[in-house]
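Here's a quick briefing to read with the model open beside you. Take a look first, then work through the notes below.

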Amino acid sequence: MYREVHGLMPLPRAFYLRLGAGCFVLGACMELFMIKTGFYDVVLRNEAERWEESREEQAEFGARVARALEAKGVELPPSLQQFRNSKNLPAQQPPRKDQ
């Protein structure tokens, strides 16, 4: 009823089927190209590096918070007790005097 009133003529069903099939084939070709060129290997390596950096930053932040709380004499919550004696983390740098 709406189409008749407003003069809209839908395209034939075959057009939509061909369009869908063409888009599917185009997407499959793009995925195959990305697999063959090693795109996903590069993405995987970059994500692993980013995740590792994030993990190190979180550990450094946890160690700083744990040191600050211990300096104030506050008991550490269980989530920060793992950072109490972290030997694999760098020591806190003293502030530079030239700043």
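Glutamate 70 sits in helix 3, and in this predicted model it's a handy place to start. With a relative accessible area of 35%, glutamate 70 falls between the 20% and 50% cut-offs, so it counts as partly exposed.

**Around glutamate 70**
- Skip the residues up to four places away in sequence, and glutamate 70 touches Leu76 and Arg84.
- Arginine 84 is 14 residues from glutamate 70 in sequence, while their C-alpha atoms are 8.6 Å apart in space.

**Helix 3**
- This helix covers residues 39-72, which makes 34 residues.
- How far apart should its ends be?
- The buried residues here include Ala59, Gly62, Ala63 and Ala66.
- Just past the end of helix 3 comes glycine 73, with a positive phi of about 80 degrees.

**The nonpolar core**
- Which residues build the largest nonpolar core? There are 6 of them: Ala59, Ala63, Ala66, Leu76, Leu80 and Phe83.
- Ala59, Ala63 and Ala66 from that set are buried residues of helix 3.
- Leu76, another core member, is also one of the residues that glutamate 70 touches.
- Leucine 80 is in contact with Gly62, Val65, Ala66 and Leu69, once neighbours within four places in sequence are set aside.
- As background, nonpolar side chains in soluble globular proteins tend to be buried together.

- Leu11, Phe15, Tyr16 and Leu19 make a nonpolar surface patch of about 390 Å².
- Phenylalanine 15, one of these patch residues, belongs to helix 2, which runs over residues 13-36.
- Is phenylalanine 15 buried or partly exposed? Its relative accessibility is 39%, so it counts as partly exposed.

**The whole chain**
- The protein chain has 3 helices and 0 strands, and from the N terminus the order reads α-α-α.
- Of its 99 residues, 9% count as buried.

How values were computed:
Residues are numbered from 1 along each chain as its sequence is written. This is a predicted model: local features need pLDDT of at least 70, side-chain atom pairs count only at pLDDT 80 or more; totals for chains, interfaces and linings use all residues. Side-chain values use heavy atoms; hydrogens and water are left out. A nonpolar core is a set of buried Ala, Val, Leu, Ile, Met, Phe, Trp, Tyr and Cys residues joined through side-chain atoms within 4.5 Å. Buried means under 20% relative accessible area, exposed over 50%, partly exposed in between (1.4 Å probe, protein chains only). Contact means heavy atoms within 4.5 Å. Patches are made of residues with over 30% relative accessible area and no salt bridge: like charges are joined within 9 Å, nonpolar side chains (Val, Leu, Ile, Met, Phe, Trp, Tyr) within 5 Å. Accessible areas come from the Shrake-Rupley method with a 1.4 Å probe; for residues, only the protein chains shown count as cover. A salt bridge is a side-chain nitrogen of Lys or Arg within 4 Å of a carboxyl oxygen of Asp or Glu. Helices (H or I, at least four residues) and strands (E, at least two) are DSSP runs, numbered from the N terminus. The expected span of a helix is 1.5 Å times one less than its number of residues.
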